[in-house]
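Subject: Handover of a structure model

Dear colleague,

Please find below the sequence and structure that I am handing over to you. My findings follow directly after them.

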Amino acid sequence: MLLQCLKFINVQKTVILFVISLLVISSFALASASQTGKEYSVTFNETGLPAGDSWYVSLANLSYSSTNSSITFRITNGSYYYFVGSTSGINVSPNHGIISVNGSNVIENVKFLPVYYRVTFNETGLPSGSYWSVNFSGRKVNVDTNSTSFIVPQGEYTFSVESEDSAFTPSPSSGIVYVTSYNVTENILFSQKEYIITFSEVGLGYGTSWSVNLSGENRSSSSSQIYFSLPNGSYNYTIPPVPGYNASVSSGSVNVDGRSQSIQVLFFSTIPYTFIVQGIPPGDHWTLRIGSVTYVSNSSIITVYLPNGTYSYAISLPYGYSGGDLKGKVTYSNNFIIVNAIDMLLIYIAIIVLIIIVDALLVFYVLRKRARAGSKQ
């Protein structure tokens with residue numbers, strides 16, 4: 001009987017333990033079931049991204065982008081793979097990983113790291129060893145090689161370039177460099193400044209062609225000026241002959257030293273126009289006006305060198321003298337004029353003396369005739 005009672009009690013304990021176990025398992029299952037559908041926030045906070053740049057996060061088959069510093073997802077418990085990036089290509093750390101959500105909100109901090117690129121300036125045109133400089137957004141460097149570089153993150157940068165030798169000018173001399181996702185190279189061409197060298201002629205007839213040969217370059221013109229554009233340096237020049245003229249300079253050199261220059265060339269006609277006045281005493285002055293110029297001489301000859309052409313002339317003799325061909329025209333084929341001056345005062349005196357003699361003879365004749373008539377009476 002006692003043995004049966006003990007067996008009954010053991011059975012009851014077993015049932016009670018079983019019931020208690022079921023209750024515990026049921027309560028745990030209910031608690032788990034209540035947690036399965038609950039969502040929690042997973043927030044990604046970024047630092048280092050330039051203001052206004054867009055970034056994105058992919059998580060649990062979702063992808064959000066934003067220009068703010070935070071992106072938040074609402075997801076249930078579990079482990080999820082994520083990926084972080086920016087539309088501008090800036091590196092981020094970490095850029096991927098696994099987020100575990102286990103009954104609480106999660107915060108993941110990511111940091112965007114700037115990517116650096118090389119901006120290279122290459123110059124050509126400067127003599128070897130010449131110094132030049134680049135001012136790159138306030139950072140100025142002087143170099144004597146043909147290249148210099150800057151390491152910078154993405155962005156927009158201004159620059160200016162100049163040479164230590166003012167005789168050279170860069171192209172471009174300034175500008176903007178846009179650094180996006182690759183290295184940038186700026187090519188700078190230095191050119192020597194050029195200055196105007198002007199050759200001016202005086203003395204050639206209108207429309208007469210002349211020329212200048214400067215360091216092998218020959219230029220011709222029928223106007224009074226010929227221009228060359230040259231950098232600094234020393235240059236030889238020649239003035240080819242112009243038919244009918246002699247030049248004041250036929251060759252020479254010009255030293256260009258950072259300024260424009262002018263060289264005057266005087267041309268003298270090789271054609272003589274000769275005027276000879278005969279018959280006036282030595283030392284007496286006479287004048288010749290030919291074209292718009294008046295010449296004075298106290299000798300018997302005036303020779304004028306003029307370009308080929310036809311010219312009007314007028315000769316003025318000393319007081320009391322006259323002669324033929326005192327006015328007229330001269331040409332290249334008729335360029336020798338002789339004027340025989342006559343002293344009109346002597347002629348006037350001779351005429352007066354002759355008149356006096358004639359008058360005296362007439363008086364003598366009349367008086368003699370009257371005397372004869374009186375003797376006959």
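Is alanine 60 buried, partly exposed or exposed? Alanine 60 is partly exposed, because its relative accessible area is 26%, where buried means under 20%, exposed over 50%, and partly exposed in between (1.4 Å probe, protein chains only). Alanine 60 lies in the loop between strand S2 (55–59) and strand S3 (62–66), and although it is not a glycine, it has a positive phi of about 50°.

Basis of the model

This is a predicted model, in which local features need pLDDT of at least 70 and side-chain atom pairs count only at pLDDT 80 or more, while totals for chains, interfaces and linings use all residues. Residues are numbered from 1 along each chain as its sequence is written, and side-chain values use heavy atoms, with hydrogens and water left out.

The average pLDDT of the chain is 85, and 90% of the residues score at least 70; pLDDT is the predictor's confidence in each residue, from 0 to 100. Over residues 5–34 the pLDDT is below 50, and this stretch has zero contacts in the model beyond near neighbours in sequence, a contact being heavy atoms within 4.5 Å. Where pLDDT is low, the predicted coordinates should not be read in detail.

Overall composition

The chain holds two helices and 33 strands; these are DSSP runs numbered from the N terminus, with helices being H or I of at least four residues and strands E of at least two. Of the 377 residues in the chain, 29% are buried. Among contacts with a separation of 6 or more, 53% are between residues 24 or more positions apart. The chain exposes about 23,300 Å², of which carbon and sulfur atoms supply 56%; accessible areas come from the Shrake-Rupley method with a 1.4 Å probe, and for residues only the protein chains shown count as cover.

Strand pairing

Two strands are taken to pair if DSSP finds at least two bridges between them. Strand S1 (residues 39–47) pairs with strand S4 (residues 70–76) in the antiparallel sense over seven bridges, and S1 pairs with strand S8 (residues 106–113) in the parallel sense over six bridges. Asparagine 45 has serine 70 as its bridge partner in S4 and stands opposite asparagine 109 in S8.

Strand S18 (residues 210–214) is joined to S19 by five bridges, and asparagine 213 stands opposite asparagine 218 in S19.

An open sheet of three strands has the order S28-S25-S32, with mixed pairing. Strands S28 (301–305) and S32 (336–340) are at the edges with a single partner strand each, so one side of each is left without a neighbour in the sheet. Strand S25 (residues 272–278) and S32 pair in the parallel sense over five bridges, and glutamine 278 has asparagine 340 as its bridge partner in S32.

Nonpolar core

The largest nonpolar core has 21 residues, and those with the most contacts inside it are Val119, Phe121, Trp132, Phe136, Val177 and Val179. Such a core is a set of buried Ala, Val, Leu, Ile, Met, Phe, Trp, Tyr and Cys residues joined through side-chain atoms within 4.5 Å. Elements giving two or more residues to this core include strand S9 (116–124) and strand S15 (174–179). Not counting residues up to four places away in sequence, valine 119 touches Phe136, Thr148, Ser149, Phe150, Val152, Val177, Val179 and Val184.

Individual loop residues

Asparagine 308 sits in the loop between S28 and strand S29 (311–316) and counts as exposed at 54% relative accessibility. Leaving aside neighbours within four places in sequence, asparagine 308 is in contact with Tyr245, Ile271, Tyr273 and Tyr332.

Two cis peptide bonds should be noted: serine 93 to proline 94, with omega about -10°, and serine 171 to proline 172, with omega near 0°.

Yours sincerely
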